Structure formats: C-alpha cells, structure tokens
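Hi,

Here is the structure I promised to pass on. Have a look at it first, and my notes follow below.

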Amino acid sequence: MKTQDLILLFSKVETLPVDVNDVLKCLRDNGHDDDIEFIGVDLDPEILQGQIKIFWSHNGVYGEPTRCANIYYHRGHESDWQRFIACKELLHLLDSELAHTKSQQDIDLLAEKIGLPPEMQDPTSDGFQANVDRVAEWRAAAILLPLASRNLLHAAYKNGSINASDIARLADIPRRYVGLVMSDAWPGVHEILTTPPENV
C-alpha cells in the first residue's frame, strides 16, 4: 500500500475523530504485517516530538524475519498531539528506504532541521529526510481530518459558526493543523498528496 492510497481511503470518512488504530488496521488489512508497538516515553518536545524505530526480528534459526516498528511519542503530550505523532510516525512505514535515518547522527541532524522555525527552514538545503518528515505532517493531517469531514465543516468554518479550536476538538488533533486543512488551498494540496509521484 502506498501513502496516497491510504489517504484516499480515509478521505471518505465523515465521522470524527479518526482512530489511529483504524489506520493501523487498514495497513494490516492491506498487507503490512509488521509488528508495531506505540510507546509513550519522555522526550523533550522542543527537540523531538516522536520517532519510529524499524528493525527486524528473527524467531528461531529457521523462522522468517518479521519487520517490527516501535513508535515513540512524548507521553506528556495531550491526546491530540499523541494521536497526531503516532499517525505521522506510522506513515513512515510506507516511506521508501531512502527516507529512513540510519544512525544517531542522522536522527540528530533531522531533529535539528525539522525543529527550526519556519522562517529558518530551507527545503532546498535541509535534505530529503527533513522534507519527507514535514510532508508526513500534512499526510497525517489529511488522514486525521479527512477531506469528507473537512468539506462537511467548511461552510460553518467560513461563516464563523465554528472555529479552528472547535474543529481541533472534534478531530482530536493539534489546532495548528486545522488552519491548513480548512484553508481554500487544501483541496489542491490533498490532490497532490493523493497523486502517484509519476503523475505529478
């Protein structure tokens, strides 16, 4: 399964909040039989919000190796951030091998790049891995606030009947992502996120 396929599947969901376990189930139903564990840990959220560690486990000498993933999130976060981070990191299972960090030095460099304020970020020089991680945030937003749900709420949002905080509570996601999804530009962004790379 590709990320764009997963986003398209969830784009039809009209009931909020989307359960991250449903995202995991969808991955498993579509051939990802990884052994995945969500783990709350103490992180410094100013430096790192979450992390995925992908590794292989061998059960016995002749057993087939199993791909495993530990998804770490800061246990001190509210549920909106925990859910968002878990979903974002889960989506990294669908990334190409090129996007994976291979060493502690890679992780430190990635944390440094993605932790920069927007005015200091430079997509042309920050590197492939940092940009993949930023796009993963948009992908998580597309899944946790699906297009169908967004469209149902859009008119009320535009006329002020509901605000970004109301939608953040309904979707149980961080408020900072609501403005992006509810913007007039989002349908175009969503189309890019769901278009196979060879068609972009």
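Predicted model: local features only at pLDDT ≥ 70, side-chain atom pairs only at ≥ 80, totals over all residues.

Residues are numbered from 1 along each chain as its sequence is written, and side-chain values use heavy atoms, with hydrogens and water left out.

The overall picture: the chain has nine helices and three strands, in the order α-α-β-β-β-α-α-α-α-α-α-α from the N terminus. Helices (H or I, at least four residues) and strands (E, at least two) are DSSP runs, numbered from the N terminus. Of the 200 residues, 42% are buried (under 20% relative accessible area; exposed is over 50% and partly exposed in between, with a 1.4 Å probe and protein chains only). Among contacts with a separation of 6 or more, 67% are between residues 24 or more positions apart.

Now the α1/α2 pair. Leu-6, Leu-9 and Phe-10 in α1 meet Asp-22, Val-23, Cys-26 and Leu-27 in α2. That set splits into six nonpolar, no polar and one charged (nonpolar is Ala, Val, Leu, Ile, Met, Phe, Trp, Tyr, Cys and Pro; charged is Asp, Glu, Lys and Arg; the others, Gly among them, are polar). The axes of α1 (residues 3-10) and α2 (residues 20-29) come within 11 Å and cross at roughly 125°, which makes α1 oblique to α2. For the cut-offs, under 35 degrees is roughly parallel, over 145 roughly antiparallel, 65 to 115 roughly perpendicular and the rest oblique. Axes are lines fitted to C-alpha atoms, for helices over the stretch in contact, with angles from 0 to 180 degrees between N-to-C directions.

In the loop between these two helices sits Pro-17, joined to Leu-16 by a cis peptide bond with omega about -5°.

Which residues are buried in α9 (residues 186-193)? They are Trp-186, Val-189, His-190 and Leu-193. These cover an arc of only 100° around the axis, so they lie on the same side of α9; the arc is that of the directions from the helix axis to the C-beta atoms. Glu-191 and Ile-192 are exposed on the other side of α9.

Cheers

Technical notes
Contact = heavy atoms within 4.5 Å.
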